[in-house]
Amino acid sequence: MDIELITRAAVVLFVIMDPFASMPAFIVLTKKVPRRRRHVSASKATTVAGISLIAFMFAGPPFLELIGVTMQSFMVAGGLMLLLISILMVLGMNYGQAKESKIDVAAVLIAVPLITGPGALTAAIILASIYGVWNTVMAVVLASSAMWLVLHYSEGVYNKIGHSGIEVSSRISGLVLAAIAIEFVRAAVGM
Amino acid sequence: MMQEMLFAIVSYIAVLNPLTIPIYFMAFTEGKNEKECRRMAIRAASIAGMLAIGAILFGDPLMKLLGVRISSFQIAGGLVLCVFGMRKGLGISRGFVDSTKDPASIPLASPLMAGPGTLSLSILLANQVGAIITIIAMLIMLVLITIGMIYSESVSRLMGRTGMIITSHIMGLILVAFAVQFIITGLTNA
């Protein structure tokens, strides 16, 4: 356990978990429900996201090996999907938005694939190989907690920076994510 | 004869990992009941079987006629899988919904079961050990996979709605990885 490594990994994960995509989706989803329920959904979404991410970190690599997918292909795949997501974000298109009316199911849909998307899954496995598994687990917990704060106070943030503020931030972070996606692919093919 | 049969079956297992298909199958059974799942599994397997038999009998002459190499086939199949996986993984269904209301045929039967790997292997095996042995080996393989798919349904019931949504999205990512692998194989064989 190394505080510095954990923090560094957590920051990377938090950026890839992409608060500026999850927050608008969460706001749309919880517009009509009372505050109490909204807070429950925020906890549910982030808990599910964190647990799936940690579970995948442990189960993912042996599973990929079992079905004969190399780590390299997985990184290219994660990179390609993250690239697609970020392009949709820069163009201002929505994806994976909950059509579900049931708020519990919708919270899960925000957890995966919005918070724990292909980018976070790929990043978690790469980070685990660089920083060590337990440091990364701690980082996932930290990043999910940060996401929880974002969702919990989403209403306040939204009121403060407004709709166009969110829109602009979402497009800029889409650009950063696209670059991270390219990094994944380049790391895999060794460029 | 026995030895050739074994060789054919082992080759099919190598290309068409029998564990993989039931796992992908689970990604498409969300919200379906047991009977529908069973029908879908059998349907997917029979379509794949017919495609493979077609490839065994007519594959080689057809590819030669059209001037298509197996590696091109792998790259094309990989790209198709890529798009499927991305849609699955991101939960994008609006816009191009469901002309694929029938996931049993596409993508389960082809390109997942009777994909570029299986079809090209079928063509190769037919050349090597003869069409009849290849067909029998392939059928044995499909029966195993079908049993796996039907059994996977009870696993998915254990996992519940939340578990299935999560698995389906993560499976999409793994499908893309699988697709990338196909494309890489195609490119290196080019």
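Angles under 35 degrees count as roughly parallel, over 145 as roughly antiparallel, 65 to 115 as roughly perpendicular and the rest as oblique. The views below come from a predicted model, in which local features need pLDDT of at least 70 and side-chain atom pairs count only at pLDDT 80 or more, while totals for chains, interfaces and linings use all residues. Residues are numbered from 1 along each chain as its sequence is written, and chains are lettered from A and ligands numbered from 1 in the order in which they are written.

**View 1. Helices H1 and H7 of chain B cross at roughly 50°.** Helices (DSSP runs of H or I, at least four residues) are numbered from the N terminus, and H1(B) covers residues 2-15. The two axes, which are lines fitted to C-alpha atoms over the stretch in contact, with angles that run from 0 to 180 degrees between N-to-C directions, come within 9 Å, and H1(B) and H7(B) are therefore oblique to each other. On the H1(B) side the meeting residues include B:Glu4 and B:Tyr12, and on the H7(B) side they include B:Thr134 and B:Met141; residues are in contact if their C-beta atoms, placed from the backbone, lie within 7 Å. By class, this contact of H1(B) with H7(B) has 11 nonpolar, one polar and one charged residues, where Ala, Val, Leu, Ile, Met, Phe, Trp, Tyr, Cys and Pro count as nonpolar, Asp, Glu, Lys and Arg as charged, and the others, Gly among them, as polar.

**View 2. Helix H4 of chain B packs with H7 of chain B at an angle of about 165°.** H4(B) spans residues 70-90 and H7(B) spans residues 131-189, with their axes 7 Å apart, and the two helices are therefore roughly antiparallel to each other. Sorted by class, the contact of H4(B) with H7(B) has 16 nonpolar, 13 polar and one charged residues.

**View 3. Chain B meets chain A through 22 residues of chain B and 27 residues of chain A.** H4 and H7 of chain B each supply at least two residues of the side that touches chain A, and H7(B) gives the most, with 14 residues. That side of chain B divides into 14 nonpolar, seven polar and one charged residues.

**View 4. B:Val176 has contacts in both chains.** Leaving aside neighbours within four places in sequence, B:Val176 is in contact with A:Ala77, A:Leu80 and A:Met81, and also with B:Cys82, B:Gly85, B:Met86 and B:Gly89.

Technical notes: Contact = placed C-beta atoms within 7 Å.
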